[in-house]
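Please open the model in a viewer and keep the selection panel at hand.

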Amino acid sequence: MPETHLLVVSGDRREAADGTTRDVIAPATGAPFATVAQAGPADVEAAVAAAHGAFAEGQGAWPRTSATERGRVLARVAALLRERADAVAELEATGAGHPIGDARWEVEAAARTFEYYAGFANKHLGSTIPVMDGGIALTLREPVGVCALIVPWNFPLLIASWKVAPALACGNPIILKPASLTPLTALVLGDLLVEAGVPAEAVHVLAGPGAQLGDLLVGDPRVAKVGFTGETATGAHILRQSADTITRVTLELGGKSASVVFADADVERAAAATPMAVFGNAGQDCCARSRILVERPAYDAFVAAFAAATDRVVVGEPLDPATEMGPMVSAGQRQTSLDYLDIGSGEGARRVCGGEVLDRPGFYLSPAVVADVDNSMRIAREEIFGPVASVIPFDDEDDAVRIANDSDYGLSGSLWTGSATRAVRVAKRLRTGSLSVNSHSSVRVETPFGGMKRSGLGRELGPAAMDHYSEIRTVHFAED
């Protein structure tokens, strides 16, 4: 991988129009390890103009490519990712601070995403509809147009694949905007798309300042669809900005997910599984089960077992295969977690373990368990996006549901119980986009992913994503 990374505009690597660059910092060392071109207004204009031409009201080369052939191209993207998995995973681990085992899983998951939409490309069907006035009515699924895809720094390649694959499967040109902190694997993905056969004019990857580039892309009337994953405040800004042009928008935003543990559950199993449900990717995950609700009869045993399991989490260098949790992405992100730990102590919560800055270069913080939390505390209500778990006692089923639902967010969650009837009953009452029973998995490429309330609009993954990247059109053929 080169040390200096250029933008991808119309499938070609090129410098920023004004020559601006930025260092990329390795979270494990706190030192620069690469330089990346920084797009500005001129680069956005070049990308949008080329992408708009590539669409040309559905008459561009990619929209007119058969759905079957688009699927073949996406399958080649999956194959290329697998061929270069080691290099891409190492780049992701270095740039985002992910443990190398996690990074390898993410590359494979990205390949599976392209593979899934490769198979779905020619199965996104319209229908024929009986109508009262005779004739034949049918619906068509057509590409929506230029798609601006804005992805976060916590899972740079994987979340990019969630947006890029269905957008391309539907026949849209894409402009991918990676986060400023972690742009490298998105730029590599741009190369692979062109190598696989996506027309060059339909592929653009613009690294650069998020607020400036995001505003330019969202505000451009030639952009038909915005797919954004990131913090809730930014999502609200995008929604307001898109109103004048009625731009189609999907938003995958924040979370403060609850894991509800009943006393009739296998408490030891739940406690053993919970650390990586919170501390995976150093807690920098919108699905993190950062609120852990435990029924009082099991509370003390769970806290003790959970703290012991947390102490066993291996915090280390991203490229060490033994590492289970790497550094946080930046010094600022780590300081936010430290600030919330102080806030929690001031509110009366009890720190059981962790929350210590490790004596080594980089942005390391040991995972923290905070007990005796009340759901009214800031530490329980606000998204920390770091390795901080709040444990909250509850009295009974109604109390658990009330606490779990008492949140501005509704993205993910878990439910631990030994009763099948309770699992069904409580699952129906929890207001969250994804729920796992006796496990912590939130995301599968085959199923819709997204949230309720302030966790977002629309859905990623599964067949639902194809609907968001296409328009449905009705055509009626009258009888004589």
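Begin by selecting Ala258, Arg291, Ala404, Ser412 and Thr432: of the 19 residues that line the largest cavity, these lie nearest its centre. A cavity is a set of points on a 1 Å grid over the protein atoms alone where a 1.4 Å probe fits but cannot get out, and lining residues have an atom within 4 Å of a point. The model is predicted; local features need pLDDT of at least 70, side-chain atom pairs count only at pLDDT 80 or more, and totals for chains, interfaces and linings use all residues. Residues are numbered from 1 along each chain as its sequence is written, and side-chain values use heavy atoms, with hydrogens and water left out.

The largest cavity holds about 120 Å³ of space, a volume being the space filled by probe spheres set on the grid points, which are joined across faces, edges and corners. Next, colour β13 (258–261), α14 (397–405), β18 (409–410) and β19 (413–416), each of which supplies at least two residues of this lining. Helices (H or I, at least four residues) and strands (E, at least two) are DSSP runs, numbered from the N terminus. The lining of the largest cavity comprises seven nonpolar, nine polar and three charged residues; Ala, Val, Leu, Ile, Met, Phe, Trp, Tyr, Cys and Pro count as nonpolar, Asp, Glu, Lys and Arg as charged, and the others, Gly among them, as polar.

In total, the structure holds four cavities of 30 Å³ or more.

Now turn to the pockets, a pocket being an open set of points with protein on both sides within 12 Å along at least five of seven lines. The largest pocket contains about 720 Å³ of space. Select Trp153, Phe228, Gly230, Glu231 and Thr234, the closest to its centre of the 29 lining residues. Then display α8 (210–219), β11 (223–229), α9 (232–241) and α12 (331–346), the elements that give two or more residues to this lining. α8 gives the most, with four residues.

Finally, select Trp105, Phe155, Met276, Asp285 and His440, which lie nearest the centre of the second largest pocket, lined by 25 residues. Its volume is about 620 Å³. α10 provides the largest share of this lining, five residues. By class, the lining has 15 nonpolar, five polar and five charged residues.
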